[in-house]
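Hi everyone, thanks for making time this morning. I'd like to walk you through one structure, so please have a look at it on the screen.

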Amino acid sequence: MSEFTSEFTMGPMLLNLVLWLPIVGVSLVLLAARANDGLSRLIAAGVMTVQFALMTVLYLQFDATAAGLQFATQLPWIAQWGVSYLIGLDGFNILLVLLTAFLGPIVVLGAWTSIKKDVPLFHVMVLLLQFAMMGAFVAQDLFLFYLFWEAMLIPMFLIIGMWGGARRVYATLKFVLYTAFGSILMLAAVIYLVQSMQQTSGVLSFAFADLYQTQLPLSVQTILLGAFALSFAIKVPMVPLHTWLPDAHVEAPTAGSVILAGVLLKMGTYGFMKLGFPLFPDAARAFTPLLTTLAVISIVYGACLALVQTDIKKIIAYSSISHLGYVMLGLLSLELVGIQGAIIQMVSHGLVAAGLFLLVGMIYDRCHTRELAAYGGLARLLPVYSVFFMIFTLASVGLPTTSGFTGEFLALMGAFTAAWPAHLDGNNLPLVLASVAVTGVVLGAMYMLRFALTFLFGAVKAPHHSPEHPLLDLSLREKSILGLLTIAVFALGLFPDGALQKTELAAKSYQSLVTTSRTPAGSAGVTP
Amino acid sequence: MTSSVNAQDALLAMLPEHFLLGGIVLVIIMAVLGRGSRSALWVALGAVIASSAAAFWLSNLPYAAAPFDGQFSVTPAILMAKGALLALAVPVLLMSRTEFTDGEFSILLLSSLYGLCLLPSADSFLVMFLGLELLAMPVYALVLLAFRRPQSAESAFKYLVLSGAASATFLMGVSLLYGATGSMSVDVFGAALASSDIMTRTAVVLLLLSLFLKAAVVPFHAWAPDTYEGASIPVTAYMATLTKGAVLLAAVRLFAGANVSGPLVDLLLVLPLVSIVWGNLAAIKQQSFRRMIAYSSIAHAGYLFYGFLGDAEGRMQAVLFYVLAYSVVNLLAFAVMPQNTDDEQRDSLDALKGLYHRNPFAAAMIAIAMLSLAGLPPFPGFAAKFLIFKNVVAAGYTTYAVLGLVGSYLGIYFYLRVIQVLFMTAGEAAPSEQRAGGMARAAGALCLVGTLVLAVLPGWALGRM
């Protein structure tokens with residue numbers, strides 16, 4: 001255990017507690033299921049709040065100057081296969097775990113009145129999902145990671161399928177079948193990777209730290225990265241593997257959309273950052289041009305599609321595709337600033353998309369339609385709602401002082417100074433791609449402002465609104481959850497330093513992992 | 001060959017079998033005396049539990065012996081496999097309570113289990129053949145016991161014909177092998193695998209085909225859906241899990257020590273792969289849960305035979321773990337299935353619509369079973385699949401591992417469809433639907449415990465195999 005720095009001796013226990021709390025919550029909800037629905041809401045909200053509080057303690061205790069894992073626990077699990085229960089926090093995952101814990105109570109509070117049937121089961125599923133997502137982030141063992149990665153599918157399948165809209169079964173099957181296809185190939189790659197490591201170095205282990213040492217010829221790296229990348233790219237989602245996302249978002253209940261956009265989509269980019277690129281660095285660098293092109297296409301294509309949507313949920317769904325493109329761009333730049341921008345952008349998108357989906361859910365609960373054309377002039381009817389709406393719109397567009405600005409700016413900066421593979425030196429491609437990516441910012445402003453203008457200003461239009469029964473503005477519960485998100489958005493926008501510091505060493509280690517060649521000496525020596 | 005029988009070894013090594021035999025005799029005596037048929041079930045349960053416990057106890061000693069030289073032997077691994085399969089028979093017996101009230105089920109099941117116990121211990125083809133026949137013959141009658149249903153006779157007949165064909169093929173293979181090698185020992189099979197002699201090779205092919213027939217590997221699978229559909233639920237559960245597992249253990253015994261190589265590899269590579277793909281595809285359009293499970297079991301037979309591609313060393317472990325993980329969840333699904341006076345309605349997918357709203361526990365259990373069969377983590381089906389494919393990759397058949405995994409992906413859809421039917425549709429209960437009986441629920445609880453143990457502590461379970 002000496003390799004793990006942990007001044008804070010309670011830390012490992014606390015991290016385990018943070019991870020397993022949702023399971024405690026599941027048991028409590030199951031015990032209380034017969035009592036009443038309100039109790040299961042309370043339990044879920046309570047458990048998530050405690051989880052967030054404990055995670056905040058860990059975040060504050062996290063030592064930004066120490067590299068490597070902190071608060072780590074390692075227990076042998078399936079010893080015969082070299083699988084261990086290895087969890088810990090590092091600069092890669094700390095912000096994402098904090099984000100997950102932060103969104104937990106918000107999801108439960110956001111679903112407080114809109115989920116009316118099978119309430120206990122809903123909260124069981126949300127808690128299980130929270131457990132799986134948290135687990136995938138903190139896992140430092142590939143087998144464990146895969147377990148949590150796959151386990152996320154099942155609660156999401158039920159959340160969309162049971163509480164979703166009219167075409168929910170189609171959407172949820174599409175979601176699961178898309179993601180499961182990627183996972184199956186990743187499983188094959190995982191097996192092969194561990195097997196070849198055992199054969200070449202005699203080490204049987206699934207720990208990330210050990211796998212980072214594996215030497216593989218470029219051809220093998222390419223195939224394995226392909227399998228990993230397919231799985232992650234589906235989750236991101238990158239064009240052209242994105243088609244499940246709008247369907248899943250549109251049919252999902254608000255809580256489902258919030259989790260999907262807030263946390264689940266980050267799994268893909270996190271996977272690239274923590275596994276895909278560092279495990280197969282030579283292949284990753286060889287594929288930088290292709291992947292960057294795809295990322296830029298995702299930015300522009302997602303934005304263009306968002307521009308023409310008539311369903312308000314789809315606008316945000318396509319904008320997610322666009323925003324996550326920046327994350328990929330930053331990661332692929334291999335510049336410190338770009339990588340850090342990517343991490344910030346992940347968190348920022350989590351906050352902003354969660355806020356926007358909550359806002360859409362709130363208006364849907366009141367008016368029962370998501371057609372953009374059905375709305376107009378909401379600013380006069382729902383002033384508080386509109387203020388929050390404007391805040392999140394501007395954050396999504398990347399207004400300075402909001403989190404969106406920090407993330408996009410740094411990621412783009414990275415893209416312009418990117419360390420491209422040597423054979424592309426003197427080539428215009430990097431510059432062209434970076435410039436095209438910038439147009440995404442302009443397009444983003446266009447579709448979000450079009451959305452806000454139609455929605456908030458102009459003639460007053462809102463279904464189910466009449467002078468006798470006016471639409472009610474936000475309730476205290478709704479104001480508080482949006483208020484919390486707003487605080488987070490501004491905090492990350494105004495004071496990104498704290499967050500940047502915590503991720504700096506991780507970004508450096510990512511950079512050195514991906515730029516160090518790991519093809520075995522003597523094997524053709526193809527170094528791109 | 002000297003044949004010496006050590007009396008103490010004969011008593012101890014066959015202790016599990018003796019308990020089963022004792023149970024059979026007791027049930028018969030009780031039937032003759034006309035004592036209540038309900039107690040037959042308890043006697044059978046007692047016999048199976050004692051027999052399973054004996055096998056576990058011996059395997060932990062650890063105990064190894066060959067009481068009948070060249071015919072029957074036990075090792076700790078074999079005893080562990082027997083104990084585990086016998087333990088799986090407990091939920092089957094508990095489930096039968098609702099379908100059969102007389103003693104015949106108990107007698108037939110115990111007899112079939114006796115055959116099951118012989119298979120992994122068989123050292124000669126004679127004992128193996130005895131085991132296979134003893135395993136299958138009571139099942140003809142068991143299938144027929146669902147006589148209220150018109151298909152049961154047809155099902156039993158199909159199974160009889162299939163089993164007859166398999167037996168004939170097996171015997172033909174054995175006689176050719178005997179002709180070529182002059183030995184009835186199963187060990188000659190391992191050597192014969194790599195042989196290029198035409199007679200030996202034919203023998204090996206015939207033996208393999210008889211195993212494929214019994215395990216319902218494509219293209220020898222057509223009997224399975226019809227037979228499974230016609231039998232009553234406990235019998236279907238028994239056939240889908242234990243008899244299949246027993247045949248696979250017999251195959252492990254046959255292949256003992258032999259790494260698969262030579263020209264016959266292709267047969268062992270291609271047919272299981274086709275099984276996986278075809279079984280999963282054909283399952284998609286089934287309307288009856290039992291037929292779906294039949295096709296799913298065809299696919300799973302494919303994964304199981306994949307286990308033979310890997311090195312001989314970990315084969316018993318991989319196959320046994322897979323059989324356990326696969327069986328325990330199948331039995332779980334069947335045990336919690338709601339009762340219905342019309343056995344045919346009991347598991348049609350229409351009747352299961354919206355089950356979650358009527359019986360959340362049963363729906364959750366069936367869902368767990370489906371997810372595990374689909375091989376999704378964290379359920380034990382995943383660890384089982386992982387172990388098999390890990391061995392396949394380690395043996396160097398990476399392409400086949402990828403193809404097999406993609407084939408397994410094809411299956412996810414229909415397992416999810418069951419969950420969709422259970423949770424995402426509104427449905428009304430058939431008027432005759434009731435909750436599963438108390439003993440069936442106990443069976444479900446047992447299987448759930450087994451599922452959890454395999455899911456949470458796969459390492460512990462593997463360490464014992």
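Let me start with a question: how many of the seven residues of strand S2 of chain A are buried? Seven of the seven, so this strand, residues 83-89, is largely enclosed by the rest of the structure. Before I go on, please keep in mind that this is a predicted model.

Now look at the two faces of that strand. A:Val83, A:Tyr85, A:Ile87 and A:Leu89 point one way from S2(A), while A:Ser84, A:Leu86 and A:Gly88 point the other way. Its partner is strand S1 of chain A, residues 70-78, and the two pair in the antiparallel sense over six bridges. At one of the pairings, A:Ile78 stands opposite A:Val83. Together the strands make a hairpin with four residues between them, and A:Gly82 in the turn has a positive phi of about 75°.

Chain B has a hairpin as well. There, strand S1, residues 65-68, runs antiparallel to strand S2, residues 72-74, and two bridges join them. B:Ala65 stands opposite B:Val74. Three residues lie between these strands, and B:Gly70 takes a positive phi near 75°.

Next, helix H2 of chain B, which covers residues 15-33. Leaving aside residues up to four places away in sequence, B:Glu17 touches B:Phe72, B:Lys82, B:Tyr114, B:Cys117 and B:Leu118.

B:Leu21 lies in that helix too, but its relative accessibility is 40%, so B:Leu21 counts as partly exposed. B:Leu21 belongs to a nonpolar patch on the surface, together with B:Val25, B:Leu26, B:Ile28, B:Ile29, B:Val32 and B:Leu33. The accessible area of the patch is about 640 Å².

On to the interface. The size of an interface is often given as the accessible area lost when the parts come together. Between chain A and chain B the buried area is about 3200 Å², with 81% of it from carbon and sulfur atoms. On the chain A side, A:Trp81, A:Ile184 and A:Ile191 lose the most area to chain B, together 19% of what that side buries. In terms of contacts, 34 residues of chain A meet 35 residues of chain B. And how many salt bridges are there between chain A and chain B? The count is zero.

Over all chains, though, a search of the whole structure finds 17 salt bridges. One of them joins A:Arg167 and A:Asp247, at 3.9 Å from N to O. A:Arg167 sits in the loop between helices H6 and H7 of chain A and A:Asp247 in helix H10, so the pair ties together parts that are 80 residues apart in sequence. A:Asp247 also meets A:Lys174 in a salt bridge, at 2.7 Å. A:Lys174 lies in helix H7, so this pair links parts 73 residues apart in sequence. As for accessibility, A:Asp247 is buried at 12%, A:Lys174 is buried at 17%, and A:Arg167 is partly exposed at 45%.

To finish, two items from chain B. B:Asp350 and B:Lys353 form a salt bridge at 3.7 Å. There is also a network of salt bridges that links B:Glu154, B:Lys158, B:Asp226, B:Glu229 and B:Arg291.

Conventions
Residues are numbered from 1 along each chain as its sequence is written. Chains are lettered from A and ligands numbered from 1 in the order in which they are written. This is a predicted model: local features need pLDDT of at least 70, side-chain atom pairs count only at pLDDT 80 or more; totals for chains, interfaces and linings use all residues. Side-chain values use heavy atoms; hydrogens and water are left out. Two strands pair if DSSP finds at least two bridges between them. Patches are made of residues with over 30% relative accessible area and no salt bridge: like charges are joined within 9 Å, nonpolar side chains (Val, Leu, Ile, Met, Phe, Trp, Tyr) within 5 Å. Accessible areas come from the Shrake-Rupley method with a 1.4 Å probe; for residues, only the protein chains shown count as cover. A salt bridge is a side-chain nitrogen of Lys or Arg within 4 Å of a carboxyl oxygen of Asp or Glu. Buried means under 20% relative accessible area, exposed over 50%, partly exposed in between (1.4 Å probe, protein chains only). Contact means heavy atoms within 4.5 Å. Buried area is the accessible area (1.4 Å probe) that two parts lose on being put together, summed over both.
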